[in-house]
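Biologist: I would like a close look at a single part of this model, followed by an account of what surrounds it. Please keep it plain.

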Amino acid sequence: MSAAPAAASAASAGRRQYDLGFARWVYQHVEGGDKVAMCMQCGMCSGSCPIGTAMDHGPRKLFMMIRAGMKEAVLTSNTIWNCTQCYNCVVRCPRKVPVTAILQSLATVAVKEGYAPTQSTPKFSKAFWLSVARFGRTDERLVTALYYFSHGLKEGIRRALENLPIALRMIKAGRMHLGLPHRAKGAADLRAILAKAEDIERAERAGGKPS
Amino acid sequence: MSDPKAGAKTYTYYPGCSSQASAIHLDKSLRAVAPKLGIALEEIEDWNCCGASVGHVEGGALPQTALSGRNLAKARQQGSHDVLTACAACYLNTHGVNEKIKQDVRTRARVNQALGAADLKYDGDLNVRHACEVLVNDVGLERIKGQVVNPLKGLKVAGYVGCQTVRPFAATQSGGEYDTYDQPEFLDNFAEACGAEAVAYDPKTSCCGGSVSVHSPDKTLHLIKQIVEAAVEAGADVIATPCPLCQQNVEMYQDAINKKFGTSFNLPVVFYSQLMAVAFGMDAKADAALDANMIAPVKLVELAKKAAG
Ligand code: SF4
Ligand code: SF4
């Protein structure tokens with residue numbers, strides 16, 4: 001994935017809101033992005049969406065905005081963050097647009113380009129990925145703690161206290177792992193694989209062909 | 001007694017991270033009932049996380065894909081048995097990546113390039129299957145019924161399937177065409193095979209909010225409320241589900257829902273495999289793991305006791 005067209009990058013916001021290069025860029029670089037051109041704006045996706053009321057635009061409108069080149073509005077939209085990945089839209093779309101994959105890929109782009117500093121999902125993902133990349137497995141305690149405290153110390157303590165009753169019940173039910181995090185024995189191997197995968201993507205973003 | 005492994009089919013088992021913590025009761029009960037159903041589970045040695053529904057945001061698309069790539073490469077080293085997983089998110093990722101590796105040459109090449117960093121490779125010659133699909137297509141309801149020695153008489157079950165167990169793969173060829181996306185029947189069939197009564201329940205495949213519920217429940221409590229409310233209205237004693245995240249969200253947020261909406265929900269949420277373990281006359285704790293439910297499934301515990309007593 002090469003970098004999104006610079007003409008409409010975060011830095012030059014306000015100068016230009018419509019960048020038709022953005023649509024072409026999405027078609028070529030976002031997973032399933034070429035299918036955005038297939039969308040017939042029927043609204044089946046947004047109408048099937050369980051969390052549609054919490055979305056500023058919903059997938060149908062977002063796809064129209066991509067085609068109109070509204071990069072800023074697309075990458076700052078909460079539609080890409082509120083998707084629960086229920087796949088209602090995907091199985092119902094008459095044009096077989098892979099809606100969920102497109103939203104996921106846009107989320108990755110938004111983070112890489114610095115559009116989502118205050119969203120919950122990237123914070124949560126950061127905590128999650130730290131556990132996965134370090135141990136090869138998700139430690140739910142660690143992820144939760146890191147996520148809570150990514151909001152700052154005070155907010156972290158508030159959230160931890162608010163969720164303490166649930167945590168205690170999970171411990172009582174034997175469903176919170178206590179002790180050191182579980183880890184995959186081959187966690188070092190996994191880290192090498194992930195590092196290589198990152199290299200490949202970085203090289204592709206830079207426009208070069210990975211070796 | 002005859003060899004319990006006789007006539008058993010071997011699957012390479014991918015338990016996933018939730019099997020070691022929040023969904024320990026799914027893993028435990030599934031491992032308990034599997035041999036009775038002719039399923040031999042051989043765990044992937046040294047498996048890693050699948051990346052769940054959020055890994056791509058921080059990790060990136062290819063690293064997220066490579067997580068499943070490594071699991072598949074490890075599974076292949078152990079043989080060519082079908083890979084079985086019971087977790088909806090694990091299935092979504094592992095099956096999805098597997099199909100992509102099979103169909104898309106570029107993905108296969110990129111994943112293998114990454115796997116090469118640990119001297120692993122994977123060519124896409126395995127099948128990845130959901131436990132429920134295996135129960136429907138390989139085991140069959142008759143074999144499940146045949147194991148029932150303690151029918152769950154009088155237990156009213158609301159079958160809550162959730163999203164990713166059926167969407168987007170249940171009706172595809174690679175997904176085994178085992179049920180529909182909107183009105184799946186397999187879960188009700190499992191409950192009835194166990195002798196329980198499957199109540200009419202509309203929000204079968206409504207969304208619990210998934211990982212959005214985990215980090216931002218304010219946005220999704222109303223979704224979970226509808227799921228519990230419909231089960232209460234249908235007179236259910238328990239909600240049954242196949243999905244670890246559904247089980248956790250629908251169970252642990254009932255207090256928060258009561259607080260926010262003035263309801264008084266306290267409805268147990270169990271896995272289908274826990275129903276089976278009790279119906280097969282197995283131990284309430286060691287096999288059915290009923291002590292792992294935050295909201296005690298009282299009626300199911302009583303049924304288990306009756307069988308043991
Ligand atoms: S359902 Fe498909 S075709 Fe219809 S608006 Fe949504 S993405 Fe476009
Ligand atoms: S997958 Fe996402 S966008 Fe599609 S219906 Fe579900 S929540 Fe809405």
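Leaving aside its neighbours within four places in sequence, which residues is S211(B) in contact with?

Modeller: This is a predicted model. Beyond four places in sequence, S211(B) contacts S53(B), V54(B) and L245(B). S211(B) itself sits in helix 9 of chain B, which covers residues 210-215. Its relative accessibility is 12%, and because buried means under 20%, S211(B) counts as buried.

L245(B) belongs to helix 11 of chain B, residues 244-252. With a relative accessibility of 28%, L245(B) is classed as partly exposed, whereas S211(B) is buried. Not counting residues up to four places away in sequence, L245(B) touches C208(B), G210(B), S211(B) and V214(B). Along the chain, L245(B) and S264(B) are 19 residues apart, and their C-alpha atoms are separated by 22 Å.

Helix 1 of chain B spans residues 24-33, and seven of its ten residues are buried, so it is largely enclosed by the rest of the structure. The buried residues are H25(B), L26(B), D27(B), S29(B), L30(B), A32(B) and V33(B).

Chain B is given domain 1 (9-130) and domain 2 (143-308). The contact between them takes 26 residues from domain 1 of chain B and 31 residues from domain 2 of chain B. The C-alpha centres of the two domains lie 24 Å apart.

Some backbone details of chain B deserve a check. Most residues other than glycine have a negative phi, and most peptide bonds are trans. The peptide bond from R167(B) to P168(B) is cis, with omega near 5°. P168(B) is placed in the loop between strand 5 (156-159) and helix 8 (186-193) of chain B. E177(B) lies in the loop between strand 5 and helix 8 as well, and its phi is positive, near 40°, though the residue is not glycine. At 53% relative accessibility, E177(B) counts as exposed. D119(B) is another non-glycine residue with a positive phi, about 55°. D119(B) is found in the loop between helix 5 (105-115) and strand 4 (128-130) of chain B, and it is exposed, with a relative accessible area of 74%.

Chain A can be described alongside. It has twelve helices and zero strands. Buried residues make up 45% of its 211 residues. Among contacts in chain A between residues at least 6 apart in sequence, 62% join residues at least 24 apart. Chain A exposes about 10000 Å², of which carbon and sulfur atoms supply 59%.

Two ligands have shells with residues from chain A. Ligand 1 has 13 residues around it, of which C39(A), C42(A), G43(A), C45(A) and C93(A) come nearest. Helix 2 (44-48) and helix 3 (58-67) of chain A each supply at least two residues of that shell. By class, the shell around ligand 1 holds nine nonpolar, two polar and two charged residues. Ligand 2 is surrounded by 13 residues, and the closest are C49(A), C83(A), C86(A), Y87(A) and C89(A). For ligand 2, helix 6 and helix 7 (99-112) of chain A each supply at least two shell residues. The shell around ligand 2 divides into nine nonpolar, four polar and no charged residues.

The mean pLDDT of chain A is 82, and 86% of the residues score at least 70. Confidence is highest in helix 6 (residues 88-92) of chain A, at a mean of 97, and lowest in helix 9 (residues 140-149) of chain A, at 69. Over residues 7-15 of chain A, pLDDT stays under 50, and the model has 15 contacts beyond four places in sequence for them. Where pLDDT is low, the predicted coordinates should not be read in detail.

How values were computed: Residues numbered from 1 in each chain as written. Chains lettered and ligands numbered in written order. Predicted model: local features only at pLDDT ≥ 70, side-chain atom pairs only at ≥ 80, totals over all residues. Heavy atoms only, no water. Helix = DSSP H or I, 4+ residues; strand = E, 2+ residues; numbered from the N terminus. Buried < 20%, exposed > 50% of the residue type's maximum accessible area, 1.4 Å probe, protein only. Contact = heavy atoms within 4.5 Å. pLDDT = per-residue confidence, 0-100. Near = heavy atom within 4 Å. Nonpolar A, V, L, I, M, F, W, Y, C, P; charged D, E, K, R; others polar. Areas by Shrake-Rupley, 256 points an atom, 1.4 Å probe, with all protein chains shown as cover. Domains from an automatic or database assignment.
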